[in-house]
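I begin with the structure itself and then take up one topic at a time.

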Amino acid sequence: MSQTDNVANEWPLWEVFVRSKQGIEHKHCGSLHAADAQQALHMARDVYTRRQEGVSIWVIPSAAITASDPGDKDTLFEPAKDKVYRHPTFFVIPDEVGHM
Amino acid sequence: MNASSEFVLHLADNALILGQRNAEWCGHGPILEEDLALANNSLDLIGQARLLYQHVAQLRNNGSTEDSLAYFRDQQDFLNFTLLELPHTTALAPSARAERDYAVTITRNFLFSAYMLQVWEQLQHHADAQLAAIAAKSLKEVRYHFQHAVDWLVRFGDGTDESHAKAQAAVHFLMPYTQEFWSEWPVSQAIFGDVNTLRTAWHDLVHQVMAQAGLQLPTAVAYITQGHLGVHSEHMSYLLAEMQSLARQHPGATW
């Protein structure tokens with residue numbers, strides 16, 4: 001490829017989420033470049049599920065993700081620090097409830 | 001009734017030789033993801049070859065093992081299709097050492113996986129239980145190989161002028177070698193009976209994908225290769241030398 005530094009020629013980035021056999025939710029496991037969603041799925045299969053990691057894959061365009069600004073970390077998250085009572089660990093969950 | 005060991009050996013050699021060829025991309029893939037995809041493909045094929053060689057050894061019961069069959073036979077004893085031993089270049093390449101052409105890799109994987117889809121589909125119902133089990137396992141793998149190859153072939157054929165030209169050159173170069181799939185051979189006729197059912201299914205599949213990719217099929221040629229009879233191209237001995245030299249230099253080595 002002669003134009004590798006031309007960003008316009010690069011394939012878009014995709015975020016890959018894989019659900020493991022035991023897992024309930026899809027977990028983020030990495031990202032890759034692909035021309036479209038179908039190809040991203042193929043590639044995710046080859047890159048991220050070689051060791052039987054998953055039974056289901058999601059791919060999402062990285063551009064579709066809106067992220068918080070790391071610089072806002074203190075403003076966003078510090079205020080929660082001294083409010084431990086928000087954790088539900090003070091309650092006993094009956095066995096019949098199962099997974100929460 | 002068990003399948004003939006010659007036929008199982010032919011299947012094993014097909015898998016091993018293409019597995020070895022595709023493994024040449026390991027560390028040299030056009031992109032990281034394809035590097036892994038081809039390595040996965042090779043490992044599937046080499047895994048199939050191992051099971052098939054073990055079955056041959058069992059059928060022959062003459063002291064041969066998967067290792068002796070893979071590493072200590074010479075070129076005239078290999079029964080793979082010629083298509084599978086060709087390097088990843090078209091006839092237009094200045095030498096076999098020329099840079100590998102991914103369109104050739106993908107086109108060959110497409111033509112062969114489309115064929116093996118039909119073969120494994122049929123063999124999973126074979127009376128030879130061991131062969132049927134190998135077929136059932138391999139069918140799942142080859143379905144993915146086929147998907148992967150089709151995905152790329154359509155992108156190449158329906159892509160840029162350059163990708164289309166390369167894919168079309170690969171199709172023109174490789175298609176004549178697929179005629180060997182259908183050459184008269186008592187060993188495969190004993191398994192499939194009339195190969196025309198396989199042939200029709202394969203043709204329909206190939207035509208369908210070619211149309212989708214906007215690629216043309218060449219007309220049939222008169223010369224039909226004979227790798228399955230042990231008569232190979234000039235590329236085979238180099239492939240075997242690379243694959244077998246270590247095992248021959250250190251017989252019985254393990255790690």
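Which residues are linked with Asp36(A) in a network of salt bridges? I found that Asp36(A), Asp151(B) and Arg155(B) are linked in this way, where a salt bridge is a side-chain nitrogen of Lys or Arg within 4 Å of a carboxyl oxygen of Asp or Glu.

**Entry on the ground rules**

I noted that this is a predicted model, in which local features need pLDDT of at least 70 and side-chain atom pairs count only at pLDDT 80 or more, while totals for chains, interfaces and linings use all residues. Residues are numbered from 1 along each chain as its sequence is written, chains are lettered from A and ligands numbered from 1 in the order in which they are written, and side-chain values use heavy atoms, with hydrogens and water left out.

**Entry on the interface**

I looked up how chain A and chain B meet, and found 13 residues of chain A in contact with 12 residues of chain B, contact being heavy atoms within 4.5 Å. The area buried between the two chains is about 1,200 Å², and carbon and sulfur atoms give 56% of that area; buried area is the accessible area (1.4 Å probe) that two parts lose on being put together, summed over both. Of the area that chain A buries against chain B, 43% is supplied by His42(A), Arg45(A) and Asp46(A), more than by any other three residues.

I then counted one salt bridge between chain A and chain B, and it joins Asp36(A) to Arg155(B), with the closest N and O atoms 2.9 Å apart. On the side of chain A that touches chain B, the elements that give two or more residues are β2 (27–33) and α1 (37–48) of chain A; helices (H or I, at least four residues) and strands (E, at least two) are DSSP runs, numbered from the N terminus. With seven residues, α1(A) gives the most to this side.

**Entry on His148(B)**

Is His148(B) buried or exposed? His148(B), found in helix α5 (residues 129–157) of chain B, counts as buried because its relative accessibility is 7%, and the cut-offs are under 20% relative accessible area for buried, over 50% for exposed, and partly exposed in between (1.4 Å probe, protein chains only). Leaving aside neighbours within four places in sequence, I found His148(B) in contact with residues that include His42(A) and Asp46(A) from chain A, and Glu34(B) and Tyr102(B) from chain B.

**Entry on other salt bridges**

A search of the whole structure gave me 12 salt bridges over all chains. In general, side chains of opposite charge can pair when their charged atoms come close.

One of these joins Arg45(A) and Asp46(A), the closest N and O atoms being 2.9 Å apart; Arg45(A) is partly exposed at 29% relative accessibility, whereas Asp46(A) is buried at 2%.

Another joins Glu24(B) and Arg100(B), with 3.8 Å between the closest N and O atoms. Glu24(B) sits in the loop between α1 (5–23) and α2 (32–60) of chain B, and Arg100(B) in the loop between α3 (66–71) and α4 of chain B, so that the pair links distant parts of the chain, 76 residues apart. I noted that Glu24(B) is buried at 18% and that Arg100(B) is partly exposed at 33%.

A further salt bridge brings together Arg248(B) and Asp74(B) (3.1 Å, N to O). Arg248(B) lies in helix α9 (residues 236–249) of chain B and Asp74(B) in the loop between α3 and α4, so the pair ties together parts 174 residues apart in sequence.

**Entry on Thr178(B)**

Thr178(B) has its place in helix α6 (residues 161–178) of chain B, and I found it buried, with a relative accessible area of 2%. Apart from neighbours within four places in sequence, Thr178(B) is in contact with Leu83(B), Leu111(B) and Trp202(B). A polar atom of the Thr178(B) side chain lies 2.5 Å from the backbone oxygen of Met175(B).

Notes
A polar contact is a pair of N or O atoms within 3.5 Å; within protein, one must be able to donate a hydrogen and the other to accept it, and residues adjacent in sequence count only if both atoms are side-chain atoms.
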